[in-house]
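Reader: I am new to this structure. Please show it to me, and I will ask about the terms as we go.

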Amino acid sequence: AVYKQHIPLANACKKPGEWQTYDIIWQAPRFNRIGTLISPAYVTVIHNGVLIQNHVELKGQTLWIGQPFYKEHGPAPIKLQSHGDPSEPISFRNIWLRRL
């Protein structure tokens, strides 16, 4: 899911402990010179070969409390998290980035 914005189209999860794969196509938001939003962000997600988000428009950052909103920003790091999952240690591998 895109937290508090879009539920997935399907549940493509494998069993716990099996490697999961994601292909994420990200279109960043665009802002004008004074920081006003020109174009929102869009994301397409393929999870384990199954389309689960299809070019969905994002309403801004995903917040724990409150509604999403946009705040002007430039390039930023990718952050991965496990939300304190009690299972085996969470691992990430074969992370590829390609500018489109």
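Reader: Why does leucine 97 count as exposed?

Author: Leucine 97 has 70% relative accessibility, so leucine 97 counts as exposed; buried means under 20% relative accessible area, exposed over 50%, and partly exposed in between, with a 1.4 Å probe and protein chains only. This is a predicted model, in which local features need pLDDT of at least 70, side-chain atom pairs count only at pLDDT 80 or more, and totals for chains, interfaces and linings use all residues. Residues are numbered from 1 along each chain as its sequence is written, and side-chain values use heavy atoms, with hydrogens and water left out.

Reader: How many helices and strands does the protein chain have?

Author: The count is zero helices and five strands, and the order from the N terminus is β-β-β-β-β.

Reader: What makes the nonpolar surface patch?

Author: Ile78, Leu80, Ile90, Phe92, Ile95 and Leu97 make this patch of about 650 Å². Patches take residues with over 30% relative accessible area and no salt bridge, joining nonpolar side chains (Val, Leu, Ile, Met, Phe, Trp, Tyr) within 5 Å and like charges within 9 Å. A salt bridge is a side-chain nitrogen of Lys or Arg within 4 Å of a carboxyl oxygen of Asp or Glu. Accessible areas come from the Shrake-Rupley method with a 1.4 Å probe; for residues, only the protein chains shown count as cover.

Reader: What share of the protein chain counts as buried?

Author: Of its 100 residues, 20% count as buried.

Technical notes:
Helix = DSSP H or I, 4+ residues; strand = E, 2+ residues; numbered from the N terminus.
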